[in-house]
Amino acid sequence: MQKVLIIEDERDIADLIGFNLLRAGYEIFKAHDGIEGTEVALRECPDLILLDLMLPGRDGYAVFRELRRDPRTANTPVIMLTARAQTEDRIQGLEAGADDYLTKPFSPKELMLRVQAILKRSEMSPGVVHFTHGPFRFDKNALKFYLDNEPTDLTATEFKLMLFLCERAGKTHDRNDLLRTVWGYSDTTHSRTLDTHMKRLRQKLGTHGSWVETIRGIGYSIVKAEA
Ligand code: CA
């Protein structure tokens with residue numbers, strides 16, 4: 001059973017999320033402030049964390065930074081929960097490395113779509129476990145990524161984006177395709193999400209960042225490897 005941790009001080013929201021996740025078959029943990037949330041995350045090592053940004057004790061960003069520093073939760077997918085007015089927060093959150101965000105108020109359906117898109121992508125199918133493209137190597141089973149044979153940390157979202165592009169190298173993918181594939185949905189406000197992830201991915205690739213091409217007005221592509 002996959003575990004989801006909800007870190008949210010507004011109890012009615014935490015309960016509503018918990019109810020929907022339980023009904024969908026997930027095991028849930030709840031924490032109502034940032035300090036408790038960090039403790040539960042490190043103890044339970046959940047498969048996904050829903051993290052409210054405005055929290056008493058320790059705010060969502062501080063929790064997020066701490067979880068990313070700890071090897072137990074460094075790559076755990078995180079969906080940030082933000083209030084509608086906090087556009088800057090949302091962008092900051094994505095730039096900090098969150099996998100996705102939900103703007104309050106959100107519907108249970110919206111919540112489940114996001115959760116399922118993220119959890120589905122973490123369980124890779126068996127079969128071909130390794131995939132190599134140019135200087136990039138993927139271990140699909142362990143979700144590990146190697147750059148020139150050096151292990152390189154990618155979040156689950158970055159891994160999925162990169163693998164999708166590399167397995168289809170030389171083809172241009174429009175923004176909507178990429179959003180649908182990786183996040184499970186696509187709309188104009190989420191274009192920013194994609195760009196933020198692509199920007200960070202390029203930075204992580206360092207000198208190999210030039211393998212990623214921006215196709216202006218359309219989307220992204222990975223350069224085909226020479227035979
Ligand atoms: Ca709050």
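Two strands pair if DSSP finds at least two bridges between them. Strands here are DSSP runs of E, at least two residues, and helices are runs of H or I, at least four, both numbered from the N terminus. This is a predicted model, in which local features need pLDDT of at least 70, side-chain atom pairs count only at pLDDT 80 or more, and totals for chains, interfaces and linings use all residues. Residues are numbered from 1 along each chain as its sequence is written, and side-chain values use heavy atoms, with hydrogens and water left out.

Three strands form an open sheet in the order 10-12-11, with antiparallel pairing. Strand 10 (173-174) and strand 11 (212-215) are the edge strands, each pairing on one side only. Strand 10 and strand 12 (residues 219-222) run antiparallel and are joined by two bridges. Opposite Asp 174 stands Gly 219 in strand 12.

Now the helices. The axes of helix 6 (residues 156-167) and helix 8 come within 10 Å and cross at roughly 80 degrees; axes are lines fitted to C-alpha atoms, for helices over the stretch in contact, and angles run from 0 to 180 degrees between N-to-C directions. Helix 6 is therefore roughly perpendicular to helix 8; angles under 35 degrees count as roughly parallel, over 145 as roughly antiparallel, 65 to 115 as roughly perpendicular and the rest as oblique.

Which helix packs against helix 6 at about 130 degrees? That is helix 7 (residues 175-183), with the two axes 10 Å apart. The angle makes helix 6 oblique to helix 7.
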